[in-house]
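Me: I am new to this structure and would like to go through it step by step. Please show it, and then I will ask about its parts.

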Amino acid sequence: GNALSYQISLPSSEVWSKNDSRPPFDYLFSYRDAYVGVIAEGIGLGTSQKICDLSKTNLAAKASRYVTTTPVALDIDSHSWLTYDATATLTGVEIKYRFYVYADSNYTIQVITWTGPVLFDHYAPVFDRVAKSFKLPK
């Protein structure tokens, strides 16, 4: 992941903290109770739908309860991504996620954002701005 020369921008970057990366994330950022994690791999799973399905399977395996929305197409950096929301209970705590996923024959990218359910509507526009700033290597 870290070998890819992608770019992502954080609003008010001075208030966001870059946390120590924890697998599976290449980079992990936080601001108060909002988190953004990036997983970028130089291997392609072929389609965004494949990584969308895989991300849902991985979340379901970790959660005691989870629900997701239907994925919606989203254009980021002239590429067709998918985005969906998920609410999951992990170790007794309910967390609300917004996933942004992309895959082609060269890259597999996930921008995973999360916070508590009560704060989600407040942070969702920030999550969208961050994800839409993603630039793949040229």
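Me: Which residue takes a positive phi in the hairpin of β6 and β7?
Reply: The model is a predicted one. Strands β6 and β7 are antiparallel and are joined by nine bridges. Their hairpin leaves two residues between the strands, and the one that takes a positive phi, near 45°, is Thr 91.

Me: Where β6 pairs with β7, which residue is the bridge partner of Thr 83?
Reply: The two strands run antiparallel. In β7, the bridge partner of Thr 83 is Tyr 100.

Me: Which residue takes a positive phi in the hairpin of β5 and β6?
Reply: β5 and β6 pair in the antiparallel sense, with five bridges. One of the facing pairs is Ala 73 with its bridge partner Leu 82 in β6. There are two residues between these strands in the hairpin, and the positive phi, near 55°, belongs to Asp 77.

Me: How many of the eleven residues of β7 are buried?
Reply: A residue counts as buried when its relative accessible area is under 20%. β7 is largely enclosed by the rest of the structure, because the number of its eleven residues that are buried is eight.

Me: Is Asp 104 buried or exposed?
Reply: Asp 104 lies in the loop between β7 and β8. Leaving out residues up to four places away in sequence, Asp 104 touches Gly 44, Leu 45 and Gly 46. Its relative accessibility is 17%. The cut-off is under 20%, so Asp 104 counts as buried.

Me: What is the relative accessible area of Thr 87?
Reply: Thr 87 is in strand β6. Apart from residues up to four places away in sequence, Thr 87 touches Arg 65, Tyr 66, Val 67, Glu 94, Ile 95 and Lys 96. The C-alpha atoms of Thr 87 and Tyr 66 are 5.5 Å apart, although 21 residues separate them along the chain. Thr 87 is buried, and its relative accessible area is 14%.

Me: What separation do the C-alpha atoms of Thr 69 and Asp 85 have?
Reply: Thr 69 sits in the loop between β4 and β5, and at 37% relative accessibility Thr 69 counts as partly exposed. Beyond residues up to four places away in sequence, Thr 69 touches Lys 56, Tyr 84 and Asp 85. Thr 69 and Asp 85 are 16 residues apart along the chain, and their C-alpha atoms are separated by 5.4 Å.

Me: How far apart are the end C-alpha atoms of helix α2?
Reply: Helix α2 covers residues 120–132, which is 13 residues. At 1.5 Å a residue, the helix should span 18 Å. The computed distance agrees with this, as the end C-alpha atoms are apart by 17 Å.

Me: What covers the buried residues of α2?
Reply: The buried residues of this helix are Phe 120, Tyr 123, Ala 124, Val 126, Phe 127, Val 130 and Ala 131. Their cover includes β2, β3, β5, β6, β7 and β8.

Me: Which element gives the largest share of the largest nonpolar core?
Reply: The largest nonpolar core has 26 residues, and those that touch the most other members are Trp 16, Trp 81, Tyr 100, Ile 109, Val 111, Phe 127 and Phe 134. The elements that give two or more residues to this core are β3, β5, β7, β8 and α2. The largest share, seven residues, comes from α2.

Me: How many residues are in the second, separate core?
Reply: In soluble globular proteins, nonpolar side chains tend to be buried together. The second core is separate and includes Cys 52, Ala 86, Phe 99 and Ala 103; its number of residues is 19.

Me: Which element gives the most to the lining of the largest pocket?
Reply: The largest pocket holds about 400 Å³ of space. Of its 16 lining residues, Pro 24, Phe 25, Ile 39, Lys 62 and Ile 112 lie nearest the centre. The elements that give two or more residues to the lining are β3, α1, β7 and β8. The most, six residues, comes from α1.

Terms used. Residues numbered from 1 in each chain as written. Predicted model: local features only at pLDDT ≥ 70, side-chain atom pairs only at ≥ 80, totals over all residues. Heavy atoms only, no water. Helix = DSSP H or I, 4+ residues; strand = E, 2+ residues; numbered from the N terminus. Expected span 1.5 Å × (residues − 1). Buried < 20%, exposed > 50% of the residue type's maximum accessible area, 1.4 Å probe, protein only. Contact = heavy atoms within 4.5 Å. Pairing = 2+ DSSP bridges. Core = buried A, V, L, I, M, F, W, Y, C linked by side-chain atoms within 4.5 Å. 1 Å grid on protein atoms, 1.4 Å probe; cavity = no way out; pocket = protein on both sides within 12 Å on 5 of 7 lines; lining within 4 Å. Points joined across faces, edges and corners; volume = space filled by probe spheres on them.
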